[in-house]
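Thanks for coming. Please have a look at the model first.

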Amino acid sequence: MMTNPSVSKALSAYATANSTVPPLIAVTRLFERATANVQRAREAARSRRFDTAFAELDRTITILTALDSVLDMGRGGGVAQDLRRFYRVMIHQAASIPARPDPVAAADGVARQLGVMTEAWKTVAQTHGTPRPAERGAGRHTPPGATVKEPSASVIERSMKHANGSLFG
């Protein structure tokens, strides 16, 4: 099986981050980085530096692809399905920015949606705090004792719906 080196690198970075910081913090940081990449792509497109814009968008797509690939569909239920749809729509929108009639406006839209999700993940991370080292289990994607129906899931779900209007309606 052939693997994209960028995705492998992103997955490796996620795994390293997941082992050194709590998963909620790692996801928040990845969203912050993806949002910053799109904002840099926007500025590069505005300056007509399309090679730089493309590279920044490629970094964003790599992050979103890595986040999508680590979803636990069995444990995550409807929230994981919604996240998968969100990631894939964002990947498509980010990839299409250079081909849009107004790439600056298109980048603004993607950055805004990623920004909403970044704030949602920050809220969840602050609400559930940093788990003690013993609570940081391998593969743990929800706060200690939380289920996908508890507050963290609803904050993320509401934010996904808000991020792109009727995307999930």
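How much accessible surface does the protein have, and what share belongs to carbon and sulfur atoms? The surface comes to about 9100 Å², and 54% of that belongs to carbon and sulfur atoms; accessible areas here come from the Shrake-Rupley method with a 1.4 Å probe, and for residues only the protein chains shown count as cover.

Two notes on the source. This is a predicted model, where local features need pLDDT of at least 70 and side-chain atom pairs count only at pLDDT 80 or more, while totals for chains, interfaces and linings use all residues. Residues are numbered from 1 along each chain as its sequence is written, and side-chain values use heavy atoms, with hydrogens and water left out.

Now the overall make-up. The protein has six helices and zero strands, where helices are DSSP runs of H or I with at least four residues and strands are E runs of at least two, numbered from the N terminus. Of its 169 residues, 42% count as buried, meaning under 20% relative accessible area with a 1.4 Å probe, protein chains only.

On to the pair. Helix α2, residues 23-46, packs against helix α3, residues 50-69, at an angle of about 160°, with the axes 8 Å apart. Axes are lines fitted to C-alpha atoms, for helices over the stretch in contact, and angles run from 0 to 180 degrees between N-to-C directions. The angle therefore makes α2 roughly antiparallel to α3, a label for angles over 145 degrees.

Which residues meet there? Among them are Val27, Leu30 and Phe31 in α2, and Phe50, Leu57 and Ile63 in α3; contact means heavy atoms within 4.5 Å.

Methods: Angles under 35 degrees count as roughly parallel, over 145 as roughly antiparallel, 65 to 115 as roughly perpendicular and the rest as oblique. Buried means under 20% relative accessible area, exposed over 50%, partly exposed in between (1.4 Å probe, protein chains only).
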